[in-house]
Amino acid sequence: MVKGSLALVTGASSGMGRETCKVLAREGATVVVTCIDEAGAYETLKLLSGSGHSVFKYDVTNFQSAHELLKAIIQKYNRPPNILVNSAGILGAASTLDETIESFQKILDVNLKGTFFTCQAVCRELSAAKLPGAIVNISSVAARISVQEMAAYTASKAGVDAITKCMAKDMSQYNVRVNSVQPGWIETPMTVGLGVHCDMTAESWANRLATRRIGQPQEVAELIVFLSSDRASYINGSSISIDGGI
């Protein structure tokens with residue numbers, strides 16, 4: 001159960017982040033909705049059941065600001081969040097010949113470094129307060145299969161899985177679990193128009209799957225909330241695929 005928990009969700013203005021906030025609130029958690037898109041975060045807030053939820057504008061690439069975010073949350077709720085869901089991410093497509101230093105670095109900053117330093121800020125507060133917690137990082141099926149023209153994105157998500165396993169070992173003594181999920185093609189604003197940038201479409205991807213369809217954000221959110229709950233108490237350091245059977 002997550003009832004009574006305080007949950008921090010990044011990248012929560014749309015897609016999987018928004019749906020995760022909705023499921024967490026439905027299950028009785030108080031949700032801190034964060035995103036660089038503050039207007040979108042407030043739209044998410046309107047969709048949440050229950051009360052006590054809040055919005056904080058947060059840019060995961062401003063690594064120093066993670067500490068300030070945690071200070072603000074603790075000031076408001078008198079405790080750090082015991083659930084963290086790292087949903088902030090960007091998608092980029094470029095061939096090996098066309099990738100640039102700048103675009104590669106931007107993807108790493110958001111997807112990998114943003115995830116790590118948000119985790120670090122939460123873990124520091126949980127360990128200091130001697131509170132248990134659960135962290136779920138959003139990786140991608142791209143971390144374990146080859147995807148054309150997505151070297152930077154794939155590297156960032158493989159890195160998310162790697163740091164997840166390391167953090168699970170580091171934080172086990174503090175009773176903080178860390179897992180990741182590997183979604184396949186999910187129908188979100190980020191994946192709209194993906195086929196314009198690379199040689200695939202939602203239909204061609206779906207044809208590769210056992211389910212013969214792409215996924216929905218709520219389906220991923222349900223898995224995330226399960227991993228955040230005490231029902232998943234023996235799942236730690238795992239990367240769990242939710243891809244429709246690729």
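Biologist: How do I read a helix pair here, say the crossing of the axes of α4 and α5?

Modeller: Axes are lines fitted to C-alpha atoms, for helices over the stretch in contact, with angles from 0 to 180 degrees between N-to-C directions. Here the axes of α4 and α5 come within 8 Å and cross at roughly 15°. One caveat: this is a predicted model, where local features need pLDDT of at least 70 and side-chain atom pairs need 80 or more, while totals for chains, interfaces and linings use all residues. Numbering starts from 1 along each chain as its sequence is written, and side-chain values use heavy atoms, without hydrogens or water.

Biologist: What do you call the arrangement of α4 and α5?

Modeller: Under 35 degrees is roughly parallel, over 145 roughly antiparallel, 65 to 115 roughly perpendicular, and the rest oblique. So α4 and α5 are roughly parallel to each other. Their crossing is right-handed (near helix turned clockwise from the far one by less than a right angle; anticlockwise is left-handed). Residues making the contact (heavy atoms within 4.5 Å) include Phe 104, Ile 107 and Leu 108 of α4, and Tyr 153, Val 160 and Ile 163 of α5. The contact splits into 15 nonpolar, 5 polar and 1 charged; nonpolar means Ala, Val, Leu, Ile, Met, Phe, Trp, Tyr, Cys and Pro, charged means Asp, Glu, Lys and Arg, and the others, Gly among them, are polar.

Biologist: Which helix labels go with which residues, and how do α1 and α8 cross?

Modeller: Helices (H or I, at least four residues) and strands (E, at least two) are DSSP runs numbered from the N terminus. Helix α8 covers residues 217–228, and its axis comes within 8 Å of that of α1, crossing at roughly 55°. α1 and α8 are therefore oblique, with a right-handed crossing. Among the residues that meet are Met 16, Val 23 and Leu 24 in α1, and Val 220, Ile 224 and Val 225 in α8. That contact holds 8 nonpolar, 3 polar and 3 charged residues.

Biologist: And at what angle does α3 cross α4?

Modeller: Roughly 45°, with the axes within 9 Å; α3 is residues 65–77. That makes α3 oblique to α4. The crossing of α3 and α4 is right-handed too. Leu 70 and Ile 74 of α3 and Phe 117 and Val 122 of α4 are among the contact residues.

Biologist: How much space lies in the largest pocket?

Modeller: Rolling a probe the size of a water molecule over the atoms shows where empty space is left. A pocket is an open set of points on a 1 Å grid over the protein atoms alone, where a 1.4 Å probe fits, with protein on both sides within 12 Å along at least five of seven lines; lining residues have an atom within 4 Å of a point. Points join across faces, edges and corners, and volume is the space filled by probe spheres set on them. The largest pocket has about 740 Å³. Of its 39 lining residues, Ser 87, Gly 89, Ile 90, Leu 91 and Met 190 are closest to the centre.
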